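I opened the model to look up a few helices, a sheet and some single residues. My entries follow in the order I made them.

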Amino acid sequence: MSRDQTESIIKKIVREIGQECAARGETISETLVAFMVKAVVLDPRNNFTLDQILSEKDVQNLIQLCVTRLLDRANPSLSTIKMQVHFDMNYANRAELLSEQHRVLEGRLAPVVKEIIDSHPRVLKEMENVYQKIISYVLLSSGLGSPTDIEVVREVTAALQSVFPQTEMLTFVSLSKKNKEQQLKNLAMLVTGIRLYNRECGKGGGSIDDLPAILNETIPSATWAIDESLNTCHTRAQQYTALLESMQEDKDRYTQLSSFEIKAALFNVRQHEAFLCILLSDAITSAQEVEKMNVQFVATMEQLKNTVQDEVSIDTKDVFPLFVALSNLWTSFQDEILLLSFLRNMTKDLQQFSEIQSQLFPEEVLTSLLEGVTVKSDEERIRETMETRVNVCDFKDQEWLFPETTDNFDRLLIQYHGFCAHAIGVKGLTLPGNPAIGILKHEERYYVFSSREAAYIFAEDPAKFIQLNVEKAQEHPELIQLLELCCQFEHLIPYAQARNADDCLMKSTAKCDSSTQTDTHILPPTIVTSYEWNEWELRRKAIKLANLRRKVTHAMQTDLSHRRRENCTQVYLPKDGSTQTKRDNSSNVPRPQVFLQGLRGGTSPTTHLVKVDLTRAVDET
């Protein structure tokens, strides 16, 4: 059968199981259905073989078995699986949770940021509108107060105008989009720091909650709640373990009890215990971070007060970094509030998955069943075996590790979540392993044991007992995640389910091809170029230096060059100039024409001169 056909059949089976459960009034997630299909197929009691193609009858049988298990509300094993699925789908560590929260906050602010950086105001009214949007962004990003509170808006506006007056909007608008976004973030941090400082000085900030005080009250209560649930799990696990040991020693005493149900209840408590330990570790880390931040916040605020005091004018480079530091610390306080809320919710959610086993075996019933039975805690079991140790000389082909002979002994990755590797498959018990007895290294994996005898028996044939543990996990599928057996079951999981890591409870180890390359010379070269290995070359240089000692450098100066210097002069080059009048004009007048008669004389002794003027008039020209 091809891979596509296999995937199609599996999806069809999962879909039919989900529809059948929904028809009976129970809504089940596909993740839980997929895991239950694997659990039923892997259980050897159901006689399913992965190497063969399932017939139609086998498919219907598989569907009915899965539906029956999923609808069995009184089954501690199903509650454990639901708990594992819920934790796997909802839990996130500090870094992942805070990263997701910041991403969500940026997504909510993205429309406001886009309106601001994409705007191009031209007139005064548009400038004012953009400035109001900046005020809204600063208020929403800080999370200090409600945007509908007029007093809060006034405080934010006053703080923003002190560092970014409206007259600077022209400069802001001319920036690139990336620089605009960065300046918005800087303004938000500055305004937040200013408001926190004003709150400390009693000049506002009435709407700002006292987060350090809230955290100082919340952290102990959250830690106490997790501790209480963890102590209950410890007690229950000790009682179930003692009851199972007593049943194995005296089988006739508890004929009406089902060891299978008690083991399922024990595994449920152990899984709840493991998850609570993770949450408690996160709560302790949060408490340590809050303690550090409190010290830093007080020191930064005191430094800011000493810098500001009663000064009228203060250099921005002295106070702006302090305002930003206050804002960052306050954001960290807000993150811790979110983390604690998440831890409280996870603790409350996990509690519901542990109610089935407590209803099946109430406290008074367990007390009556354990009359005359010694109930030992995990710590007492470890103390009893602290003085016993494996003798290495008894083993030739096995490697044993001890605290005094192994580096990073407490950091070794122990198999089966630190439980005894012998007791799981043989007795079906999750007994705490004691590393002081000795850690067995077999095929690059490390195993611990609850007693010296168990260690010797397991070391005789490790492969046999490892297989027994795998078979026990096939009967109780919740052990696959509790004992971290994903690698052992990876080859048994159908390809379509193993490939979808997000839709599968058992996640296989991530693998990838990688390569590294080192530089030819990591450090800068240290070659001494003046180094000479040849003795004769060194002698030649020595003689040359000796001759130089007897040499004198002379210099002289002539009269022409005495106290002279080079001079230079720069002049303006001549240029051509011309002028032009507006227009050329001319006028024309009559030409004079005057004639004289009688200048040469005549017959008469007296000269008679006659003057004739023939010049034409001006108006006739």
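Predicted model: local features only at pLDDT ≥ 70, side-chain atom pairs only at ≥ 80, totals over all residues.

**Entry: helix 17 and helix 18**

I looked up how the axes of helix 17 (residues 452-460) and helix 18 (residues 462-475) lie. They come within 5 Å and cross at roughly 105°. The two helices are therefore roughly perpendicular to each other. For the contacts, I found I457, F458, A459 and E460 of helix 17 meeting P462, F465 and I466 of helix 18.

**Entry: the whole chain**

I counted 22 helices and 5 strands in the chain. Of its 621 residues, 38% count as buried. I then took the contacts with a separation of 6 or more; residues 24 or more positions apart account for 72% of them. The accessible surface of the chain is about 39,900 Å², and carbon and sulfur atoms hold 50% of that.

**Entry: helix 6**

I checked the span of helix 6 (residues 124-142). With 19 residues at 1.5 Å a residue, helix 6 should span 27 Å, and its end C-alpha atoms are 27 Å apart, which agrees. I listed its buried residues as M127, V130, Y131, I134, I135, Y137, V138, L139 and S142. What do the buried residues of helix 6 pack against? I found helix 5 (94-118), helix 7 (150-163), helix 8 (169-173), helix 9 (177-200) and helix 12 (316-352). After helix 6 comes G143, with a positive phi near 70°.

**Entry: helix 9**

From first C-alpha to last, helix 9 reaches 35 Å, close to the 34 Å expected at 1.5 Å a residue. Its buried residues include K180, L184, L187, A188, G193, R195 and Y197. The cover over the buried residues of helix 9 includes helix 5, helix 6, helix 7, helix 8, helix 11 (259-308) and helix 12. G202 follows helix 9, and its phi is positive, near 75°.

I found an open sheet of 3 strands in the order 1-2-3, with antiparallel pairing. Strand 1 (399-401) and strand 3 (445-447) are the edge strands, each pairing on one side only. From one strand to the next the twist averages 35°. Strand 2 (residues 439-442) pairs with strand 3 over 3 bridges in the antiparallel sense. I looked up K441 and found Y446 in strand 3 as its bridge partner.

**Entry: R236**

I located R236 in helix 10 (residues 211-249). Is R236 buried or exposed? Its relative accessible area is 8%, so R236 is buried. Setting aside neighbours within four places in sequence, I found R236 in contact with V269, Q357, S358, F361, P362, E363 and L366.

Most residues other than glycine have a negative phi, and I looked up two exceptions.

- H417 has a positive phi, near 60°. I placed H417 in the loop between strand 1 and helix 16 (423-427). H417 is partly exposed, with a relative accessible area of 37%.
- E484 also has a positive phi, near 60°. I placed E484 in the loop between helix 19 (479-482) and helix 20 (486-489). E484 counts as partly exposed, at 41% relative accessibility.

Technical notes: Residues numbered from 1 in each chain as written. Heavy atoms only, no water. Helix = DSSP H or I, 4+ residues; strand = E, 2+ residues; numbered from the N terminus. Expected span 1.5 Å × (residues − 1). Buried < 20%, exposed > 50% of the residue type's maximum accessible area, 1.4 Å probe, protein only. Contact = heavy atoms within 4.5 Å. Pairing = 2+ DSSP bridges. Axes fitted to C-alpha atoms, helices over the stretch in contact; angles between N-to-C directions. Areas by Shrake-Rupley, 256 points an atom, 1.4 Å probe, with all protein chains shown as cover. Parallel < 35°, antiparallel > 145°, perpendicular 65-115°, else oblique.
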